[in-house]
Amino acid sequence: MSLAKRIIPCLDVDQGRVVKGVNFVGIRDAGDPIEIARRYNDAGADEITFLDITASHEQRDTTYRIVEQIASQVFIPLTVGGGVRAVTDIRRLLNAGADKVSINTAAIFNPDLVRESAERFGSQCIVVAMDVKALDDGSGRYELFTHGGRKPTGIEAIEWAQKMAAFGAGEILLTSMDRDGTKDGYDLSITRAISDAVDIPVIASGGVGTLDHLVAGFIEGGADAVLAASIFHFGTYTVAEAKAHLVKSGISIRQ
Amino acid sequence: MTQTVAVIDYGMGNLHSVESALREAGAGDVAVTADAEAILAADRIVFPGVGAIRDCVAEFRRLGCDETLRLAIERGIPVLGICVGMQSLMARSEENGGVDCLGFFEGTVTRFPKSHRGADGSKLKVPHMGWNQVTQTREHPLWDGIANNAYFYFVHSYFLPAAESGCVTAAFDYGVIGSAAITKENVFATQFHPEKSHENGLKLLANFLKWDGKC
């Protein structure tokens, strides 16, 4: 009788194509975000996150069209992020069918964007994405970065998470830039620290390589949801295998 | 027989998902509209809602949808309320400093407690976001073919305590026992989002499309 922990496959999309592609049995087009989203919907994913990494703002129309098509064929929640700069971007994405919009860099330059959009559209659809790195000064502190982990902001991660929650964010998507792409597992220490520091849900992201990493994200990291890309895309594990493993580990999962 | 469904559009958020899910569930003609004539001419009506309840109720009233809905309910047209749509049907909500709602059901919508914790002491996040099991407490045609304790997708910070209403047909447990769905005569309303609840949600919508409005 409880709330299930969520498993969220993430699609990185550039100019309408899923980057790196997806290795599913029988897939017709490994780069088609609509077909891939539908596959994940059928496979039992709890949500889908669509990260638009298209560099040019002018090519965003493709993104809106794709979001519209995914939303009309996928009946689980859809979060869209990447390049969200203004209230108008958020409105367009929600109108296209996104259930939640993820704000990253723009929240750093203009924290009021989070407040304004939460007031206008409701906290339930505003996700703040945080890219963090551990400081190498032995302090155990983490700092917020932008530009794929290249630019430090000087902002301490836990304080930032609390500020964003106070501004009305409904959820935090926490990515460890130290772990992203490593397959070494989530950074459990910062995931736990942020999950304990805020009352809103936290999604762990960055570094998952095995199913035990998912378990650790929930149990040790205290995450409410886990995001994964490559382990699912490359067919290393199916969503069903991940869910079976989590259930075996005593985690409450929707099956 | 082709079903016409009116989704009440009172300017609060995107209704694309609700419309798509109704089509997927087998609805024929889906009209997204605030027009009283179109709404009253439909075979059934969906009352969705997202965002802050004060704005929802105010806009609903400003567009005259409250009167349209009152007529529709009186005429026995099956109505499905979703999320803030369900909350708007209640007498009152404590959100936004207290709002008098449409009053089709008795009961007051309240916030999850601050520093919310479960029975085992674990921290429970708010918004209540994700897939929660739904326990059917009373039989209803809209539960046909849906297993008891099936998962549905919720996202909300305010809820109707199950004890607040005699009309509860399903409950959820999230540290508190909340109303997952309420029903009275030809109105059925859910706190969860059937349009985002995958197969269980589509099944509930399909049941709604077949429902004659009787319990």
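Predicted model: local features only at pLDDT ≥ 70, side-chain atom pairs only at ≥ 80, totals over all residues.
At 9% relative accessibility, B:His198 counts as buried. B:His198, in contrast, falls under the 20% limit and so is buried.

The backbone of chain B has another feature to look at, this time in the omega angle. B:Val126 and B:Pro127 are joined by a cis peptide bond, with omega at about 10 degrees. B:Pro127 belongs to the loop between β7 (108-111) and β8 of chain B.

Stepping back to the whole of chain B, the count is six helices and 13 strands. Its radius of gyration is 16 Å, close to the 17 Å that the globule rule gives for 215 residues, so chain B is as compact as a globular protein of that length. Along the principal axes, the C-alpha atoms take up a box of roughly 50 × 40 × 30 Å. Of the 215 residues, 60% are buried. Looking at contacts between residues at least 6 apart in sequence, 68% of them join residues at least 24 apart. The chain exposes about 8000 Å², and carbon and sulfur atoms supply 46% of that area. As for charge, there are 19 positive and 25 negative side chains in chain B, with the centres of the two sets 5 Å apart.

Chain A can be described in the same terms. It contains 10 helices and 11 strands. A compact globule of 255 residues would have a radius of gyration near 18 Å, and the 17 Å of chain A agrees with this. The box filled by its C-alpha atoms is roughly 50 × 45 × 40 Å along the principal axes. Buried residues account for 57% of the 255 in this chain. Within chain A, 64% of the contacts between residues at least 6 apart in sequence join residues at least 24 apart. Its accessible surface is about 9900 Å², with 48% belonging to carbon and sulfur atoms. The side chains include 26 positive and 34 negative ones, and the centres of these two sets lie 3 Å apart.

Next come the aromatic rings. A pair of aromatic rings is described by the distance of the centres and the angle of the planes. Over all chains, the structure holds 17 aromatic pairs. In one of them, A:Tyr40 and A:Phe232 have ring centres 6.4 Å apart and planes at 65 degrees, so the pair is edge-to-face. This pair links distant parts of the chain: A:Tyr40 is in helix α1 (residues 33-43) and A:Phe232 in helix α9 (residues 230-233) of chain A, 192 residues apart. A:Tyr40 is buried at a relative accessible area of 1%, and A:Phe232 is buried with a value of 1%.

In chain B, the rings of B:Trp143 and B:Phe192 have centres 6.5 Å apart and planes at 45 degrees, so this pair is tilted. Here too the pair links distant parts of the chain, 49 residues apart: B:Trp143 is in the loop between β8 (128-136) and β9 (150-156), and B:Phe192 in the loop between β13 (187-190) and α6 (198-210). B:Trp143 is buried at 4% relative accessibility, and B:Phe192 is buried with a relative accessible area of 0%. Both belong to a cluster linked by ring pairs, whose members include B:Phe112, B:Phe152, B:Tyr174 and B:Trp211.

Leaving out residues up to four places away in sequence, A:Leu188 touches A:Ala216, A:Gly217, A:Glu220 and A:Gly221.

Methods. Residues numbered from 1 in each chain as written. Chains lettered and ligands numbered in written order. Heavy atoms only, no water. Helix = DSSP H or I, 4+ residues; strand = E, 2+ residues; numbered from the N terminus. Rg over C-alpha atoms; globule rule 2.2 N^0.38 Å. Buried < 20%, exposed > 50% of the residue type's maximum accessible area, 1.4 Å probe, protein only. Contact = heavy atoms within 4.5 Å. Areas by Shrake-Rupley, 256 points an atom, 1.4 Å probe, with all protein chains shown as cover. Lys, Arg positive; Asp, Glu negative; His and termini not counted. Charge placed at Lys NZ, Arg CZ, Asp CG, Glu CD. Phe/Tyr/Trp six-rings, centres within 6.5 Å; stacked < 30°, edge-to-face > 60°.
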